[in-house]
Amino acid sequence: MSLLVALAALGGLAAGAPLLTRALGRNAGYVLAAGFLGVACLLAAHTPTVLDDRTVDWSADWIPSLGVSLALRLDGVSLVFSLVALVVGALVMAYCCRYLGDASARGPVYPLLALFAAAMVGLVLADDLVLLYVFWEITTLCSFALVSTAGAKAAGPGRHALVVTVVGGLALLVAVVLLTLATGTTRLSAVLADPASVLDSPYALPIAACVALAAFTKSAQFPFQSWLPGAMVAMTPVSAYLHAATMVKAGIYLLVRMSPLFAGQTAWSAVLITVGLTTALLGAVQALREHDLKAMLARSTVSQLGLLVAVIGVGTSTALAAALLHTMAHALFKATLFMLVGIVDKETGSRDIRELSGLRKVMPWTAAATAVAALSMAGVPPMLGFVSKEYLFMGLLSADVTPWAGPVAGAVAVTASALTFAYGARIVWGAFGGPVEQPELYEPAPAFLAPAAVAAVVGVLAGPAVSLLDPVIDSATTDALPGSTPPSIYAWHGLSPELAMSATTVAVGLVLFWQRDRVDAALQRLRFPDGPALFTRGHDALLAFGGRVGAPDRSPSLAAHLARPLLAVVALGVVGLLTVGPVPARVDAGDPGRWLVVALLGAAVLGTALATRTVALVALVGVAGLFVSLWLLLSGSLDVAITLLLVEVLTAVVLVLVLRDRPLRLPAPGPRRLPTAVLAVAVGLVAAGATAALTGRRELSAAGTFFLDRAEELTGGTNVVNTVLVDFRGLDTLLESVVVGVAALGLLLLGTATVPHPTDTDDVLLRVGTHLLAPGMLLLSAWLLWRGHDEPGGGFISALVAGIAVALRQLASGTVPTRAWLQPGPLLGVGAVLSVGVGLAPLLVGDALLTPFHLVPFLSSALVFDLGVWLMVLALVVAVVQALGARPEHEQVAA
Amino acid sequence: MNALVIAPIALPLVAAAVLLLAPRSTTLARVVGIGATALVVLAAAVLLARTLTGEVPVVQVGGWPAGIAIVLALDAFGALVLLLTAAVTLLGLVYAIGTGEDRERTFTPLVLVMSAGVSGALSTADLFNLFVFVEVVLIPSYVLLTLAPRRQRIAGARLYVGVNLLASTLFLGGIGLLYGVTGTVQLGQLAGVATASAPAALAATLLLVAMGIKSAVVPLHSWLPGSYSVAGPAVTVLFSGLLTKIGLYALFRLYSVLFDGDPRFLWVLLVVAVLTMVVGVLSAVGATAVRPVLTAHMVSQIGYVLVGLGLSTAAGLGAATFFLVQYVLVKAALFMVGGAVEVRYGTDVLARVGGGLVHRERWLAVAFAGSALALVGIPPTSGFVAKLQLATAAAADGPWWVLVAVVAVSAVTMVSMLKLWNGVFWGEPSSLPAPARGASATLVGPPLLLAAVALVLGIWAEPLLAASTIAGQQLADPSAWVAAVTR
Amino acid sequence: MTAAVAVGLLVAGGSYLVLQRGLLRVVLGFVLLGHAMVVLVLAAGGDRGGFALPGNGGGEPADPLPQAFVLTAVVIAFAVTVYLLGLLRAGSEEPSPADDDARGPS
């Protein structure tokens, strides 16, 4: 429970930080620091339990569907890492109180730092893989947000850091998923207790690779290391806390955590040692050629993390103990150095050792603290850094991947450490040595210096007293590597190979420092790939590539977008040809008359493809429609034939309205006629083949039989098709009239940019003809509506007839119908109310939607329903006439 | 109680008719539109609660026997998507107040008709009726697309209408062919036909192709960016939440019922899903304005959802359902933020905005950040749970490259979201002239609410997870649904 | 078999037209494709050889269900077609990057 309390307290600090800063300004940091220390004490109170090789656990369900729980566990490893996070956090918070101005302290820095601390502690306490991943990503986000607070200059480095760490996070996600699959649980402790399930599963290699990738990105290992120096644009407390002491240690934590699974596996060791040592060497060399103090420290962090990764790769108990100890030591001395460099930066306005000089005279305490921390970093006795480095050497020497691995690893580590000594000296000498150039400077306020000084002093004292840490390291190592016997930790363990290595380190380091000008000259000539620039180039290339991938979607040509589905149809046809075996025989009524119609249809269709004039095209499409109607008639579908014919006529009228003041010639066809023709013919063949193969090969369907046999009996209508439309499938019909109504609305909206335009027709015949014809057609329409249930007719057909009357009138007289009732709006509204009302009415008496009923004898619900449809279809025609019968405004002006 | 299935269809239709007959009043339109949609949300919630118990509410329209009547039915999947679309419609209508689009008289009625069509398409168990309902969705969308007073709107509308018309034509052809083979269009009676007979499978695949166009599945997606680029902001939100989702829903329903989740064709679906994810995200990262980035991401996210269908396991389908629900909400939030920037600053082109809006539009920035994280799948947002679940399902039952694609596309998604963040919100204060007034609550509230929902669904995912798990099980084994609609 | 040939012809012609420049050709191409679907759906009901002309006596009555489908589809197609024609007309008011009937070779 106290684990939950600890996390909740940290979360509470994060949530309360904005209030604190509002009340206390920058001094809110002291409250936060006290809070951190309080939580640290809460956790440290469990030390006896942990030393007793027991754990503190708490868990609750979180996402039971996925088996994920909020499980927390405190063991030796998490105790070490959480105390480091909290103690360093407290120091940095206290440091912030003097580093930040009151204005920037009121910004998001404090809440984010507190949130980060909560996430970091959560990360090391999490006993559920998913929970661990969640905290992992929150630390990444906090890091991004904190880097971003540096403003516009942080955009590039922030992106670099975020992308690299998120990619690593995604690798961790894959590892989590695969571990869950391999072991059947997300509980971390259960997974770690069951290495066999993991190693014997096919996922072992991907899991290890993904874990390593996640750790390498987070802990800035080669080849991902270059995000870390970039992240130094963030303010110094952020660099000290996240990018030196804690967040980058998350990768180290992960590797230590996963050691029970992978320690001792050859590939794991080989990769970790190689990458770690490469990183260590590279980082150290690059640190030594920097001039910016902060950049030196950043490169140094990369280098030290490399040593940690390498020693974890060795995977023996000595090696892991060394990793744990050095994690503590590094957090202490590196955070100290960052804080001190921040002080120098604040006081002098520069971090460049070429501009700084002789600060030891004006800032002696700062200089002393820096020197102490640098000595710890350099591994000089009796600092804590010395002890931890001794164990690092010891651990690396125990590498046994191959017989030569230990010596080689040791030699590389000594080299990197000698370079560390040299850049440590370079930092101290560069800033504090030499003649005084800014005598007006003075020592920072004690409160500013205190956090760094405390850490430096702890680094000195902890060296000789390191055996106090022994039980903790011992227990943590046992937790990291169950069943192992960890070494005891002493400050002094006699004349050992490690001591010789330390001596060599210091000696070589001294030489490097002594010859610093030559070394510097030589190093400046080295050329390293520019990581951030490479990243930016890759990023821009991705953006450019994306632009090319998206380019076809921006094509303005409709044909380009229509061709794809048609190609898909052709592909489907080819697949069908290959897969569909024999089909049932045709149930066919051979009929020469229809062949003639189809032949004529073919001629008309061919004509449409070749037409170059508008009139010809319109006429040929109309003729094609005529032949289709004829075919329908010959096939026994009278209602459909009539409807199609009427639709054809109405379409023709509309076309005339639309096209009357258009160019007579069509635009040139598209540029690629032949491929288009081939595609069109292919689609046609597929359609014909599909129709031939899939239709006309079975007897009348069950539904069809039902309708033919029982429609009249059930509905009282003798026109079976009409009964299907208004009785059996009234919903379709209702919706279709909705479609019609909406199209009418849309046309009216399109027409708002136009004004009514009376055309003067000299065609007396047409005018007189339509005047005589219109009333007759309206009567015909009413009759068709009435008898629709029994004979061909019904709402659509009769409305189309009425519509043609209206349209012809418009065409002849050029006047838009002005009678109030003949407006689309009221027609639509009344029609919709009738249709929907008749449809919904049965619900009131408990029947199903659209159940037919009789209002009074001879007035069935079907007729009212049909009347509603009639009104809405008529509304569409009127809307067409109103919208399209007018001429665009600008033409009006021109005329 | 079964009659409640009709409410989400009938309520908006009646409300639309009332608004057409009533005198012109924006206030009335708002009250009626939002009120009716709120009732639909309520009805959908009640229906969902019932379907989660395994019940399938059914209505035989007209009271005719099964096989004759058009059957409306909802299972957990249908009810969940219904609740989702209704919620998006509701928030879209509120947001339209903020953008001013609902001042056009026909806006609200058109949206209502569209939402009725969506409800119907989600509930119908009849293929031809599905075709008609899809048309009821499409025709208002054609009109809504041309409402915005933008240059090039007609060109965009042509593209949209043309492609959808072709898709509808293919769908009708597929219905015809399937009827030719089987003699029925009732989905319940068609259960498993595509597995049993190759001709039926061919016809059913044509239906899938048609719905693939509508749901913007690569390589049939190319129409989407051009069409969406011309719509008004609220219309874009509604389109993104309703239109492609109908296609996606139909793909799931059809494959589940007609193909019975046939394992022989799953590799095709997985290839298509991964292609959709990858092409979509690459187009997104290459786009240079907010809306095109988001539109391309729609394609990419549709790919994610399709992965679940390509797995066709209960776990995969459940993951896809969860993914679908949360991504529609997140995408709506993002479109709302982008639209708000457009409405207030007249452009959403990154180069012209130049970043720095965080100083002026703090709440929009918060809404964007929250929903962008969810889109990428960063914990603790809903997108994280969705991706975790999908990745687990893919790793368990799919080939390795699907898992790789799922995570790799996430990484590129993040790059694109970072591009928007830096291009619109972060950095030095923008040089664009500041609008005279602050952003209205109706403009900022909906995306903020949705971003909050994304966070809540991430931290407290269990209820939605439980629901989508049931939906996934019912999709993997549609026998209860089939029995209900053929009864 | 007449149906299959008719569908093939209409689909080929319609596809060719919708892939051409100029919205008029596209609209009319969709009209042809719509006709093709009418024939296809009716054919799906089965060929019952019916001449149902009045006084003819006719063959067996055709399957009414596809006829009902087609009637619905025809009206929907008509609504969409006239809306597209409305777009075509409105489109002449604004410049278009690619295809526009307003800019024929004349």
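**View 1. The hairpin of E1(A) and E2(A) in a predicted model.** Gly67(A) takes a positive phi near 70° in this hairpin, which leaves four residues between its strands. The model shown here and in the views below is predicted. Strand E1 covers residues 56-63 of chain A, and strand E2 covers residues 68-74 of chain A. The two strands pair in the antiparallel sense. Seven bridges join them. Val56(A) stands opposite Leu74(A) of E2(A). In a regular strand, side chains alternate between the two faces of the sheet.

**View 2. Two annotated spans of chain A.** An unreviewed UniProt entry lists residues 63-101 of chain A as "domain: NADH-Ubiquinone oxidoreductase (complex I) chain 5 N-terminal". Over residues 63-101, the chain is 62% helix and 21% strand. The end C-alpha atoms of residues 63-101 are 43 Å apart. For residues 126-401 of chain A, UniProt, again in an unreviewed entry, lists "domain: NADH:quinone oxidoreductase/Mrp antiporter transmembrane". Residues 126-401 are 77% helix and 0% strand. Their end C-alpha atoms lie 31 Å apart.

**View 3. The largest nonpolar core.** This core holds 648 residues. Which of them touch the most other members? They are Ala335(A), Ala743(A), Val39(C) and Ala79(C). Helix H13 of chain B, residues 314-345, gives the largest share of the core, with 21 residues. Where does the core lie relative to domain 1 and domain 2 of chain A? Domain 1 (277-418 + 452-494 + 520-528) and domain 2 (717-895) both give residues to the core, so the core lies between them.

**View 4. Contacts of Ala79(C).** Neighbours within four places in sequence are left aside here.

**View 5. The contact of chain A with chain B.** Here 89 residues of chain A are in contact with 93 residues of chain B. The side of chain A that touches chain B has 59 nonpolar residues. Another 18 are polar, and twelve are charged.

**View 6. The contact of chain A with chain C.** This contact takes 92 residues from chain A and 80 residues from chain C. Which helix gives the most to the side of chain A that touches chain C? Helix H32 of chain A, residues 673-694, does, with twelve residues. By class, this side of chain A has 61 nonpolar, 21 polar and ten charged residues.

**View 7. Chain C on its own.** Chain C has three helices and zero strands. From the N terminus on, its elements run α-α-α. Of its 106 residues, 78% are buried. Among contacts in chain C between residues at least 6 apart in sequence, 47% join residues at least 24 apart.

**View 8. The setting of Ser168(B).** Ser168(B) lies in helix H6 of chain B, residues 153-182. Is Ser168(B) buried or exposed? Ser168(B) counts as buried because it has 25 C-beta neighbours inside 10 Å, and the cut-off for buried is 20 or more. Not counting residues up to four places away in sequence, Ser168(B) touches Val134(B) and Glu135(B). Ala96(B) is 72 residues from Ser168(B) in sequence. In space, the two are 29 Å apart, C-alpha to C-alpha.

Conventions: Residues numbered from 1 in each chain as written. Chains lettered and ligands numbered in written order. Core = buried A, V, L, I, M, F, W, Y, C linked by C-beta atoms within 7 Å. Buried ≥ 20, exposed ≤ 12 C-beta atoms within 10 Å, placed from the backbone. Domains from an automatic or database assignment. Contact = placed C-beta atoms within 7 Å. UniProt positions renumbered as here; feature names shortened; annotations may be inferred. Nonpolar A, V, L, I, M, F, W, Y, C, P; charged D, E, K, R; others polar. Pairing = 2+ DSSP bridges.
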